[in-house]
Amino acid sequence: MRTLKTTTIVSAAFLSLLLSACGGGGSSPLDPRPSSSAASSSAATQPSSGAASSIDTTSPADIGRGDGDNFVSGQIAVSHTTEELAAGAATTLSVNIVSSTNTLVTAPIEVTFNSRCYAAGEATLTVGGTATNKTSTAIGQASIIYTAKGCVGADEITASAVIDNTAKVARVTIDVAQDTVQSIRFVDATPDKIFLKDSGGAQTSAVRFLVLGSTGAPIKNIPLNFALSTQVGGIALTAASATTDSTGHASTVVQAGTIPTAVEVIATETESGVSARSNKLSIGTGMPDQNSMSISASRFNPPGWNHDGEAVDITIRLADAFNNPPPNGTSVQFTTEGGVIAPNCTTLNGVCTVKWESQDTRPSNGRVTILATTVGNESFVDTDGDGLYSPEIDVFTTFNTPGANGNCDPNVPVSTASSNGDDAPCDDLAEAYLDKNENGVRDNTEEFTDFDLDRTHDIENGIYNGVLCSTPGEGCTKDPVNIRQDIVLVMSSDMPYSENGLLIGQPASIEMGANETYSFNVTLADIHGNSMPLGTTISLITNTASDVTINHSMPSGGVANTRSPTAFTVTLKASKTERPSGAFSIAVKSPYLETSFQTSLVPKPLDNTTAKYIGRGLGENFIGGEIEIGTGNPVLAPEGSTSLSVNLVDLEGNLTTGNAAVTFSSNCVSEGKASFTDSANNVTNTAVTTIGRATITYNAGTCTGSDEVIATSSLPSLIGNTATTTLAIPEIDSSAQNIVFDSAEPSQISLQGAGSAERPEISEVRFVVNDSNGNPVANIPVTLTLNSTIGGVCIIDGANCVQSIEATSNAAGEVTARVQAGSIATSVRVTATAENDSAQTISTQSSRLVISTGIPDQDSISMAASEYNPPAYVDGYEVDVTVRMADAFNNPVQEGTTVSFTASNGLIESSCETNLLSTCTVTWFTQNPPADGRVTILATALGNESFIDTNGNGLYDLTDTFAAGSSICKNNAPTPSLLKDSDACDDLGEAYVDSHPAALGGIIGEYDIG
């Protein structure tokens, strides 16, 4: 029989109470027969009536097991009878509260149980299925169930109660048997993703297992051995074994290697052979790669052009080469060409967001590029699946290295990391840059991220750069690069783009008849041609439109989240019986502004009901049944064209009004050799008219010989509804017979460096090569040669400027020389030379092409009046004052040159502009005549001083004559009143009105103060 162990550690006072309670006779306290000691004791404490001793069931005095003579103070009774309590097994713990007579006390008293294993969570205490370590006595006895839940070995249990303000304690020690290992459970790996050695991220993970016994409870003190599923790249464990702690857990630490992979830790208990594997641990690169980086915006089209502070969330998402998130806290940097953006953000689970807001600077096109960069790896295709880049095996596209794996676009990825050419983006990265003009290449004015701090934009290096390099130095490096993405926002304007008060595609007016349907497509864009702001809506204002129903196809939500303009359709349905009239408007409502754009509705003219005949001519000259030929000649040049017209007339030969359609046809048109076109050059065979005259253009194309053209109208009122004509088209003679000069446009050009939009420096000199019939001939080689290159005049030939070029005639037989002016005024001619089929030379020369300054010259300005002695006292009498000007070479000045006028008396128009002949005229009116009756009129214009070109080079140099203030010329002259121009200085003072004649004390030809 197992011996129960009890404690002997009690206080001296408690021991003395026990001794006095147990001292003396051995009778049971329930026995009515007291011992002599009991009697003597009772004699001192009981009434002297001689009655038997009373039994005390109300005054608690002690705690223990049993009662009466069997009561053992300070001990807890257990229900199990084995020497050890089995692992996971339960036993009942019981204590009794007795009085001084060892009698069970009937009043409930709280008893608290505790033990080491209970405190450690390795054992449970329950009462009636409820977990608790407290219970109360019932008729003196308290019981609780103890269950081993991982406890092993000796566990001392105490039961305590407060009796007479004193803590009374009972004890028992239970030996709990060691459980057998039933299973091992993987608990966690913290963190469950680590990163390559030396990559900068977390590189170790604690892997934890739990050992469970047959009861399902954790088991402590169990040794486990650990092993790795792979050691590729140097993956290692810090400890190959560990012993479970008090909670049944044991752990080891995995250290990352140099190769990304998934790895498992195998935990084994050797005695039982039970094992378990971890399943949540992976080793990643720790760095994002280029093709796993993306950027997005909460909206592409905020109303930021007219408003500050319009916010957009810009979100970056990163992943590594295995599309796993990089370490939390990875930093991403941002820059923008417009507005303002937070400089950086750090990722959580691979994602981070910054805020962009509208403000100046605002790019002129309203488009804002935002660039995001971070440190990462270039991308590649892992052909052999080993997780590493292996040259000559894996696919890595580069541009600047011979024998690369494939073609790709350099400087890509940009913007969206998408190719702008025919090939895919390069994996090999140049330094990132802000692609402001969105052209897919870096321009010299575009900022870049100087990753290597060498102050130079570096192109791609031709090899893979990243931590997945298998062997550094052999076709790759482990160096990081700056990966990037960018996105374009538009600062949308409040006002939509319009032309002449209309949206793009919106007609100014629509002509409709009854029961007709009409549709048109509108492109809704902001003032820069970008999208309107997100949510911009349209509506139709139709209260002034009659007899029509109008709808549009714009979604109710309005403009979507886009950078591009929005297209929608407007459809009109006329009344069945009435023609629409009035107007309607398209109202555009952006977040801050509402505008509208109006279209008029025009009732379509009613059909022509008075026409009787179709033909050519009018009145007495009308000839029915014939078509009018625009050229007046039925013979057309090969591939030539002419207009064809018919008149719809009444009985008197007058043109009729009303809507009418005339259909034209011919054999060549039916066979596709010729065509009919309208005034807008659209191919059609129908001409519609409301004025009684229908016209169409006939284009001969490849048609030759005779081609009868028939014009037919289906108007019910017509007596005769058909008209005809026959055209003759000769066959093409492909041999060149002559070259003719066609035009020099313009015929006068400015000196090099002095040109303008009105007076350019380049003239297009055109010739036409003809055959023997005078028809143009194509594909004839022609030599075009300048007769002089003085001053650098030349013919433009691509990027060069030369004296002679070779050209080939086009389909119209034309060849053109673009003549660039030189620095000297002169006249030049261009000679065109070719050979005909007989190897004979044919040539011609252009008319004179003049190169001049086009700027007025002092010596070449003159002024005249229509009369010089108008009546003095007739107010408003008109005199024409005319100025004629030329440049230093006496060639016309630029048309539109402004001449300003002032007069000492009377009234004169302020200015005029020269015509093609370098002349302009103003009117002077008499009023307020001066005392001497003389009026001086001054005309001024911007121009050049004069000189005598002694050496004839067309330029002023030191050998030329230029008269400045001296004894040989008159200062401040010429003036309008100077009698002798030979006395005038070439060196000009500021102009003045010489209004003080000698009779009044003035000096003719000099500026008089006052």
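**View 1. Strands β23 and β24 run side by side in this predicted model.** Start with β23 and strand β24 (residues 311–317), which pair in the antiparallel sense over 4 bridges. To find your place along the pair, look for Ser 294, whose bridge partner in β24 is Arg 317. The two strands belong to an open sheet of 4 strands, in the order β23-β24-β28-β26, with antiparallel pairing. At the edges are β23 (294–297) and β26 (340–341), each of which pairs on one side only. As background, strands of a sheet pair through backbone hydrogen bonds, either parallel or antiparallel.

**View 2. Thr 677 and its surroundings.** Thr 677 has its place in strand β48 (residues 675–677). Its relative accessible area is 6%, so Thr 677 is buried. Follow its side chain to that of Asn 699, which it meets in a polar contact of 3.2 Å. Leaving aside neighbours within four places in sequence, the residues in contact with Thr 677 are Asn 682, Val 683, Thr 684, Ile 696, Thr 697 and Asn 699.

**View 3. Asp 360 meets Arg 362 in a salt bridge.** Side chains of opposite charge can pair when their charged atoms come close. Here the N to O distance between the side chains of Asp 360 and Arg 362 is 2.7 Å. Asp 360 is exposed, with a relative accessible area of 56%, whereas Arg 362 counts as buried at 17%. Over the whole structure, a search finds 15 salt bridges.

**View 4. A salt bridge joins Glu 628 and Arg 693.** The closest N and O atoms of Glu 628 and Arg 693 are 3.1 Å apart. This pair links distant parts of the chain: Glu 628 is in strand β45 (residues 628–629) and Arg 693 in strand β50 (residues 693–699), 65 residues apart. Glu 628 counts as partly exposed at 28% relative accessibility, and Arg 693 counts as partly exposed at 30%.

**View 5. Glu 764 and Arg 818 form a salt bridge.** Look for the two side chains meeting at 3.7 Å, N to O, between Glu 764 and Arg 818. Distant parts of the chain are linked by this pair, with Glu 764 in strand β55 (residues 762–770) and Arg 818 in strand β60 (residues 814–820), 54 residues apart. Glu 764 is partly exposed at 31% relative accessibility, and Arg 818 is partly exposed at 36%.

**View 6. Aromatic rings pair up, among them Phe 396 with Tyr 464.** The count for the structure comes to 14 aromatic pairs. The ring centres of Phe 396 and Tyr 464 lie 5.9 Å apart with their planes at 85°, so this pair is edge-to-face. Phe 396 lies in the loop between β29 (367–376) and β30 (408–409), and Tyr 464 in strand β32 (residues 464–465), so the pair ties together parts that are 68 residues apart in sequence. Both Phe 396 and Tyr 464 are buried. Phe 741 and Phe 767 also form an edge-to-face pair, 5.7 Å centre to centre with 65° between the planes. Ring pairs link Phe 380, Tyr 389, Phe 396 and Tyr 464 into a cluster.

**View 7. Arg 563 sits over Phe 300.**

Notes:
Residues are numbered from 1 along each chain as its sequence is written. This is a predicted model: local features need pLDDT of at least 70, side-chain atom pairs count only at pLDDT 80 or more; totals for chains, interfaces and linings use all residues. Side-chain values use heavy atoms; hydrogens and water are left out. Two strands pair if DSSP finds at least two bridges between them. Buried means under 20% relative accessible area, exposed over 50%, partly exposed in between (1.4 Å probe, protein chains only). A polar contact is a pair of N or O atoms within 3.5 Å; within protein, one must be able to donate a hydrogen and the other to accept it, and residues adjacent in sequence count only if both atoms are side-chain atoms. Contact means heavy atoms within 4.5 Å. A salt bridge is a side-chain nitrogen of Lys or Arg within 4 Å of a carboxyl oxygen of Asp or Glu. Rings of Phe, Tyr and Trp (its six-membered ring) pair if their centres lie within 6.5 Å; planes under 30 degrees apart count as stacked, over 60 as edge-to-face and the rest as tilted. A charge sits over a ring if NZ of Lys or CZ of Arg is within 6 Å of the ring centre and within 35 degrees of the ring normal.
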